[in-house]
Amino acid sequence: QAITGDPFAGRPDGLGVALCGAGSPMPSPDRAGPCTVITAGRHVYLVDIGEGGVRNLGRMGYGAGRVEAVFLTHFHSDHIDSLGALMLQHWGTSGSPAPLPVYGPLGVDTVVAGFNTAYGLDRGYRIAHHGPQVMQPAAFGMVALPQDVPANGDQKLILSKDGLQVFAFRVDHRPVDPAYGYVFAYKGRRIVVSGDTKPAKSVERAAIRADILVHEALATNMVGMMQAAAKKTGRTNLEHIFHDIPTYHTTPQQAADIAERAGARMLLLTHIVPPLPYSILEGPFLGDARSRYHGRLEIGHDGEEVLLPAQSDAIEVRRRF
């Protein structure tokens with residue numbers, strides 16, 4: 001059923017976003033590392049590919065072979081650590097005669113070259129076993145497409161295909177620099193993905209009247225509790241890390257303020273820090289975010305998908321697993 005199923009069956013033409021990973025580097029029982037699926041018509045794209053994302057992609061019915069390109073927001077390990085698995089499965093199952101395109105900030109060529117090198121021996125094994133007609137040598141690996149976008153936060157068009165336009169813009173995740181967010185526009189619908197960032201005017205500008213703002217979220221009150229626990233047990237390095245990470249992320253309340261000012265119709269929180277293994281923790285995680293934002297607010301879960309039918313105002317939320 002997984003092989004023969006059509007993930008687009010019965011759905012109208014339009015733009016969509018699904019979470020193949022709504023988590024962070026912290027271990028979570030129900031959220032994989034950062035991974036966001038964007039669909040436009042029957043085209044499939046990814047924003048970042050964290051640990052567990054490739055498996056969830058398969059569980060959702062899309063599979064690595066359908067992915068046409070990857071857009072990396074930045075090169076923190078949790079956003080790129082499943083690139084190798086994605087690349088290898090795409091090579092073997094897509095039938096594409098060319099490597100998988102990977103867009104990203106300057107430096108993406110270094111990342112891509114590293115993964116291509118790391119999987120070089122496996123390349124030989126696969127070709128020897130399945131033959132060059134199946135594992136086409138010229139299609140192995142990935143091809144890097146570095147993008148240099150304006151430092152002032154203005155958007156830059158980086159892809160235009162079959163009615164879809166993809167724009168990149170800078171966000172503020174310093175000392176990670178550059179780091180990007182992305183805008184996906186298709187047939188009158190628009191999705192903005194913030195990537196990892198502290199509150200940034202560039203995100204707010206990009207999200208003006210967007211259908212969906214997919215924004216990262218870190219609850220400083222909860223991370224503070226983890227910092228105190230690390231200190232109590234003498235885990236000095238971990239205490240220091242918990243002290244540092246709030247400085248380049250956005251709280252749920254701040255994300256709500258951004259979405260409210262921008263007039264975005266839906267706010268989907270992802271890159272959830274810390275993990276929320278029980279639903280009762282969602283209240284403390286959000287704080288007063290719901291009172292700050294008058295649109296629809298969702299805490300992202302793996303397998304959640306939001307569909308935006310073309311030339312419509314409808315927002316349809318469903319689960320793929």
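A: Aspartate 48 is buried, because its relative accessibility is 4% and buried means under 20% relative accessible area (exposed is over 50% and partly exposed lies in between, with a 1.4 Å probe and protein chains only). The model is predicted, so local features require a pLDDT of at least 70 and side-chain atom pairs a pLDDT of 80 or more, whereas totals for chains, interfaces and linings use all residues. Residues are numbered from 1 along each chain as its sequence is written, and side-chain values use heavy atoms, with hydrogens and water left out.

Aspartate 48 belongs to strand S3, residues 43–49; strands (E, at least two residues) and helices (H or I, at least four) are DSSP runs numbered from the N terminus. Although aspartate 48 is not a glycine, its phi is positive, at about 65°. Histidine 271 also has a positive phi without being a glycine, near 50°. This histidine is placed in strand S12, residues 266–273, and it counts as buried at 5% relative accessibility. A positive phi, near 75°, is found as well at glycine 95, which follows helix H2. Within H2, residues 83–93, the buried positions include Leu86, Met87, His90 and Trp91.

Two cis peptide bonds deserve attention next. The bond from arginine 174 to proline 175 is cis, with omega near 15°, and proline 175 occupies the loop between S8 and strand S9 (176–186). The bond joining aspartate 177 and proline 178 is likewise cis, with omega about 5°; proline 178 is itself in strand S9. On the S8 side, aspartate 172 is part of strand S8, residues 164–173. Aspartate 172 is buried, its relative accessible area being 16%. Setting aside residues up to four places away in sequence, aspartate 172 touches Thr197, Lys198 and Ala200, where contact means heavy atoms within 4.5 Å.

Isoleucine 158 is found in strand S7, residues 156–161. Its relative accessibility of 12% makes isoleucine 158 buried. Beyond its neighbours within four places in sequence, isoleucine 158 contacts Phe71, Tyr103, Gln147, Val166, Ala168 and Tyr182. Its C-alpha atom is separated by 20 Å from that of isoleucine 212, 54 residues apart along the chain.

Not counting residues up to four places away in sequence, isoleucine 245 touches Met26, Leu218, Val223 and Val273.

Finally, the whole chain has 10 helices and 15 strands. Its radius of gyration is 19 Å, close to the 20 Å that the globule rule gives for 321 residues, so the chain is as compact as a globular protein of that length; the radius is taken over C-alpha atoms, and the rule is 2.2 Å times the number of residues to the power 0.38. Buried residues make up 53% of the 321 residues. Of the contacts with a separation of 6 or more, 65% join residues 24 or more positions apart.
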